[in-house]
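Please look at the sequence and the structure before reading on.

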Amino acid sequence: MNIEDPEIAALREKFVHFREECIWLTNCYNLYKTLYEGGPETDALLHRVAPALFLDLNRIVIDHILLQICKITDPAQTGAQQNLTLANLNKHLQAINLYSSEIELVSDKLSAYREVIKPARNKLISHLDWKTVRDGQSLAAHAAEEVSHFFAGLFRYTDLVGEACGIGPLDYRVSACAGDAIDLLRFLRQATPAPTPTAHRERSEEHTSELQ
């Protein structure tokens, strides 16, 4: 009769929920990349269809991604309450001798990115610091490579921990499905094709004659 170690069973349960949060975060990041890193043609399409809507959505998605990253990299606990975070999982791994040097290395890199975005979370997203708002400071600006490196590290971390606790790795980098943002852009391109150069010149000439 094989009786599972209760500490490993508890770690597995915690990790499964943590990875689900990572999957949701990745879905949000993929949504952002599809809509706002699709190149000049996609930018022009969104501006042509509903510029105000997609500008607002841009800010909403960015704020949500930064907030979610800070949530999963928060301290292991707040007071007496455990947090479902990287630090909490690492503490659990250490307690049952499953914490490796590679997990530690990846964790440190993920935590370093947290320090980059933490000022924005503290002063503009979770709270509103009056001086920051008044001065119009942008506290979240950083290179796109830092974001992609964070997600690469996150995928590696969940694979390592999944393997350590016996669940195994899971590739959730791609989140495309029917009815997603890719399908939305495809529909918008069909419904609102870009004006041809000839049509653009004709409208310009009509507008000029009206002014005369």
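## The buried side of helix α7

In this predicted model, the buried residues of α7 are V147, F150, F151, G153, L154, F155, Y157, T158, D159, L160, V161 and G162. They pack against four other helices: α1 (6–36), α3 (51–72), α4 (86–95) and α5 (101–125). In an α-helix there are 3.6 residues a turn, so residues three or four places apart point the same way.

Helix α7 covers residues 144–164. Its 21 residues reach 31 Å from the first C-alpha to the last, close to the 30 Å expected at 1.5 Å a residue. After α7 comes G166, which has a positive phi, near 90°.

## D159, a charged residue in α7

One of the buried residues of α7 is D159.

Leaving aside residues up to four places away in sequence, D159 touches P169 and L170.

## L98, in a loop

L98 sits in the loop between α4 and α5. Is L98 buried or partly exposed? Its relative accessibility is 25%, so L98 counts as partly exposed; the cut-off for buried is under 20%.

Again not counting residues up to four places away in sequence, L98 touches L11, L93, I103 and A164. Of these contacts, A164 belongs to a pair that is 66 residues apart in sequence, yet the C-alpha atoms of L98 and A164 are 6.2 Å apart in space.

## The whole chain

The protein chain has nine helices and two strands. From the N terminus on, the order of the elements is α-α-α-β-β-α-α-α-α-α-α. The radius of gyration is 23 Å, well over the 17 Å that the globule rule gives for 212 residues, so the protein chain is more spread out than a compact globule. Along the principal axes, the C-alpha atoms fill a box of roughly 90 × 45 × 25 Å.

Of the 212 residues, 33% count as buried. The protein chain exposes about 13,100 Å², and carbon and sulfur atoms supply 56% of that area. Among contacts between residues at least 6 apart in sequence, 70% join residues at least 24 apart.

Note on methods:
Residues are numbered from 1 along each chain as its sequence is written. This is a predicted model: local features need pLDDT of at least 70, side-chain atom pairs count only at pLDDT 80 or more; totals for chains, interfaces and linings use all residues. Side-chain values use heavy atoms; hydrogens and water are left out. Contact means heavy atoms within 4.5 Å. The expected span of a helix is 1.5 Å times one less than its number of residues. Buried means under 20% relative accessible area, exposed over 50%, partly exposed in between (1.4 Å probe, protein chains only). The radius of gyration is taken over C-alpha atoms; the globule rule is 2.2 Å times the number of residues to the power 0.38. Accessible areas come from the Shrake-Rupley method with a 1.4 Å probe; for residues, only the protein chains shown count as cover.
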